[in-house]
Every structure is written in structure tokens, then in C-alpha cells.
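Visitor: I've got a model open and I'd like to learn how to read its features. Can you walk me through it?

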Amino acid sequence: MKVDQFLAIVEAQLGKPYVFGDEGPETFDCSGLVQYALGLVGISAPRTSQEQQRWAIPVTTPRPGDLVFYGSPAYHVGVYIGNGRMINAPEPGTTVRVDPVGQPTGYGRVPGLATSAVLAPLAGAGTAAWDRVGEWLSGIRHVVIQGPFVAGGLVLAGVGLYLIVREGI
């Protein structure tokens, strides 16, 4: 699951120094950290926190992997990891670290990294639980989406057979 990979990459940067304008892999600023980690999972993200805020899909309830924005336009961005915490590169003289979210301006879901809304209650659960539920939901989605089409086809076939028998063909 891409969100798990993204979170693992962001977590692996803990302790690396903040340097304004840097995009890694040894030093980062806030949006450089986001862009770098998303790039490693195959998602091309904009460079600045303002651009990332415009690009992300606004959400009110964050899930792990969502972006946390401060300001409008954003002057800072972090990565939500659950339980009111985020990983971010906060400011010069600090390192990439885990911080409480506090009072952000908003949250954004990364296009291509989103997970099912049904998984939101598991935000504090381990990633293995997310994976199992995601696999289960994937199977259910096929039944829910394809089921009515299959049923409709069976009804049409039944009507055709009825007409053939009734007409004695």
C-alpha cells in the first residue's frame, strides 16, 4: 500500500537537519520532505507548501498520510501520522521530528495516495490491519459495482428463455 510506504519513508528521515529550500536526501525543509517522500512512491508533488495545499484534496478528518497545513496560503506543511501527531521539518536549527498537530489551517489528501473512507476508524491501528481491511474492501467493491450488471444480464437472459419457451421455438 503506497500510504504505508510513504509514511515509512517520511519516518526514515527523522533526525535529519532542516535547511531552507532543501529537498533531501540529507537535509530538508517542510515541503521538500513531502515532495521527496512522495517522489519515492511514484507521486509527483509540487515543490512549495502553498502549491501542495492547492494540489491536495481538502479533508476535515485526517488519516495517516494526509498533509497538515498551516496558513492560507500555507507557510508550513507536515505529514499526519495519527493520534494528533505529524512528522515535519519545522524550522532552521531543528531536525525532522514528530510534533503534535496543534491548530492547523487544514488537511489535504494526496492524490493517488488516498485510502477508503471506511478505513478512517482504523487510523490509530497498525498498518497490517489497514492492509487486511483494504483487501477485503477491494473484493466487496467488485461485488457491489459488478453485481447489479450481472443480475441485470441474468434477468434479460431469463426473459429471453421465457419468450423462447412461450413461443415454442
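Guide: Let's start with histidine 76. Leaving out residues up to four places away in sequence, histidine 76 touches Cys30, Ser49, Val68, Phe69, Tyr70, Met86, Asn88, Ala89 and Pro90, where contact means heavy atoms within 4.5 Å. As for ground rules, this is a predicted model, so local features need pLDDT of at least 70 and side-chain atom pairs count only at pLDDT 80 or more, while totals for chains, interfaces and linings use all residues. Residues are numbered from 1 along each chain as its sequence is written, and side-chain values use heavy atoms, with hydrogens and water left out.

Visitor: Which element holds histidine 76, and is histidine 76 buried or exposed?

Guide: Helices (H or I, at least four residues) and strands (E, at least two) are DSSP runs, numbered from the N terminus. Histidine 76 sits in strand β3, residues 74–82. Buried means under 20% relative accessible area, exposed over 50%, and partly exposed in between, with a 1.4 Å probe and protein chains only. Histidine 76 comes in at 10%, so it counts as buried.

Visitor: With which side chain does the side chain of histidine 76 make a polar contact?

Guide: A polar contact is a pair of N or O atoms within 3.5 Å; within protein, one must be able to donate a hydrogen and the other to accept it, and residues adjacent in sequence count only if both atoms are side-chain atoms. Here the partner is the side chain of asparagine 88, at 2.9 Å.

Visitor: What about tyrosine 80 in the same way: where is it, and what does it touch?

Guide: Tyrosine 80 also has its place in strand β3, and it is buried, with a relative accessible area of 9%. Beyond its neighbours within four places in sequence, its contacts include Leu7, Pro62, Asp66, Met86 and Tyr107.

Visitor: How many residues does the largest nonpolar core have?

Guide: In soluble globular proteins, nonpolar side chains tend to be buried together. A nonpolar core is a set of buried Ala, Val, Leu, Ile, Met, Phe, Trp, Tyr and Cys residues joined through side-chain atoms within 4.5 Å. The largest one here has 26 residues, and those with the most contacts inside it are Phe6, Val10, Leu38, Leu67, Val79 and Leu113. The elements giving two or more residues to this core are α1 (2–12), α2 (30–40), β2 (67–71) and β3. Apart from that core lies another, of seven residues, among them Val68, Tyr70, Met86 and Val101.

Visitor: Now the charged pairs: how many salt bridges are there?

Guide: A salt bridge is a side-chain nitrogen of Lys or Arg within 4 Å of a carboxyl oxygen of Asp or Glu. The count comes to four.

Visitor: Which residues does arginine 47 pair with?

Guide: One is glutamate 23, with the closest N and O atoms 2.8 Å apart. Arginine 47 lies in the loop between α2 and α3 (49–55) and glutamate 23 in the loop between α1 and α2, so the pair ties together parts that are 24 residues apart in sequence. Arginine 47 also bridges to aspartate 29, the closest N and O atoms being 3.1 Å apart. Both arginine 47 and aspartate 29 are buried, whereas glutamate 23, at 39% relative accessibility, counts as partly exposed.

Visitor: And what separates the closest N and O atoms of aspartate 99 and arginine 97?

Guide: In that salt bridge they are 2.8 Å apart. Elsewhere, shared partners join Glu23, Asp29 and Arg47 into one network.
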